[in-house]
Amino acid sequence: MKALIRNILGEEFINDIFQKYFRWKEKVQYGIIYPILLKIPFAPNFYFLFSKSFGSEMKMFVGARMDYIKKQHHKTENLFLLRRNIHRLEKGLIMKNRRKIFALDYIEETVTLLKSLIASKNDNDQINWACDILNQYFEVTDAHPKRDNALKIFSTISANRNSDRSFGPFIVPENNKEDQYSFAVLAKKRKSVRFFEPNNIPERSLMDKAVELAALAPSSCNRQPFSFRIVDNPELVKKMAVLPGGTKGFSDEIVAMVAVVGQMNVSPSISDRHLMYIDGSLASMNFMLALESLGIASCPLNWPEDKNKDNKVRALLSLGDFERPILMIAYGYAAKDGKLAYSVRKPLDQLRRYN
Ligand SMILES: Cc1cc2nc3c(=O)[nH]c(=O)nc-3n(C[C@H](O)[C@H](O)[C@H](O)COP(=O)(O)O)c2cc1C
């Protein structure tokens, strides 16, 4: 039917009508509706009550919170919480005026969590790091019933620590002028590349290196609520490449892609609902610079707030209930004859302001 109407009226005529309609709609929105919404308390909540986009985000948040709290109550595996709590202990340990006792509200939870995790995976640097930090915590803190109870539990599991590497003490790395220089070179060299050498997909060992470097990005309380789903199967790439709206004109050129996937069920707090986007973006930038340092080009691709598109990726990559793509990244070896957009940056006086 749509095709018939398009044939009768003509593509250009229909596009023209749509553009006029959208411009008229925007005028009504900024001229009438939005000023009213801004004046009346809670009016935006009602206006967006049936918004699919906000609705699906809220639904995911509810499910993620439920999952998180359930795990906490059942004391089941929660590496996000372990990383967060151990990181809080680390911060307590490095304080200049360290308190004689701290972390009383979560120390028992932390060792109990560690106990359940050790049972399932004891050959793991995260577990070893947790053991080392807890050891230091118990060494320097004063007696307290909660702390002593936690120590009792810890004593039963600390022998499971399984590595020659030790994690801590905490040392500031030496300032190296050369490193700063090489970062400037790398940052300037990276550009969004949209045309790649066909049939030349970077080796997985290089991609693994880039992922490990990406994970060095800071994340809120070291939760790391993201993962990199690397798609190098040509059939799957074909299906994925057309999904981001911004690949029109070069989706056929994409030889491999990464879906940066955020994880929502890493905190029970509504104010933490953007963690996955913030932490995922920081890691993504590290990832793209890491790729560049390995000679691999990339292009970030906007991932829209669109439930249908999310579901397509969820099905293609078997994502979990509380996971969603936050960014796509095309990667590969830059085609020699491919051109780059210049993308001029804002000048310094528009970028920064002191105080
Ligand atoms: C979040 C994000 C989404 C982007 N989405 C697209 C996209 O959909 N299509 C595209 O061609 N480029 C996309 N880009 C690339 C930008 O256009 C590019 O980074 C910007 O113009 C600066 O150019 P440069 O990366 O070459 O320095 C995206 C970049 C970011 C950070």
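Me: How do the residues of the shell around the ligand divide into nonpolar, polar and charged?

Reply: The shell residues divide into 5 nonpolar, 4 polar and 4 charged. In this scheme Ala, Val, Leu, Ile, Met, Phe, Trp, Tyr, Cys and Pro count as nonpolar, Asp, Glu, Lys and Arg as charged, and the others, Gly among them, as polar. Please note that this is a predicted model, in which local features need pLDDT of at least 70, side-chain atom pairs count only at pLDDT 80 or more, and totals for chains, interfaces and linings use all residues. Residues are numbered from 1 along each chain as its sequence is written, and side-chain values use heavy atoms, with hydrogens and water left out.

Me: How many residues surround the ligand, and which are the closest?

Reply: A residue is near a molecule if one of its heavy atoms lies within 4 Å of it. Here 13 residues surround the ligand, and S192, R194, G246, N302 and S343 are the closest. Strand β3 (residues 297-301) gives the most to this shell, with 3 residues. Strands (E, at least two residues) and helices (H or I, at least four) are DSSP runs, numbered from the N terminus.

Me: Which polar atom of the protein is 3.1 Å from a nitrogen atom of the ligand?

Reply: A polar contact is a pair of N or O atoms within 3.5 Å; within protein, one must be able to donate a hydrogen and the other to accept it, and residues adjacent in sequence count only if both atoms are side-chain atoms. In this model, a side-chain N or O atom of S192 is 2.6 Å from a ligand oxygen, and a polar side-chain atom of R194 lies 2.6 Å from an oxygen of the ligand. The atom you ask about is a polar backbone atom of P300. The ligand on its own has 610 Å² of accessible area, of which the protein covers 67%; such areas come from the Shrake-Rupley method with a 1.4 Å probe, and for residues only the protein chains shown count as cover.

Me: How many disulfides are found in the whole structure?

Reply: A disulfide is a covalent bond between the sulfur atoms of two cysteines. The search, which requires a pair of cysteine sulfur atoms within 2.5 Å, finds 0 disulfides. For C131, the closest cysteine sulfur is that of C221, at 20 Å, which is too far for a bond.

Me: Is C131 buried or exposed?

Reply: Buried means under 20% relative accessible area, exposed over 50%, and partly exposed in between (1.4 Å probe, protein chains only). C131 counts as buried because its relative accessibility is 1%. C299 is buried as well, at 2%. Buried residues make up 36% of the 355 residues in the chain.

Me: Where is R324, and which backbone oxygen lies 3.4 Å from a polar atom of its side chain?

Reply: R324 is in strand β4 (residues 323-332), and the oxygen belongs to the backbone of P304. With a relative accessible area of 4%, R324 is buried.

Me: What is the phi of N199?

Reply: Most residues other than glycine have a negative phi, and most peptide bonds are trans. N199, although not a glycine, has a positive phi of about 55°. N199 is found in the loop between α9 (177-189) and α10 (204-214), and is exposed because its relative accessible area is 78%. S318, not a glycine either, has a positive phi of about 50°. S318 is in the loop between α13 (307-317) and β4.
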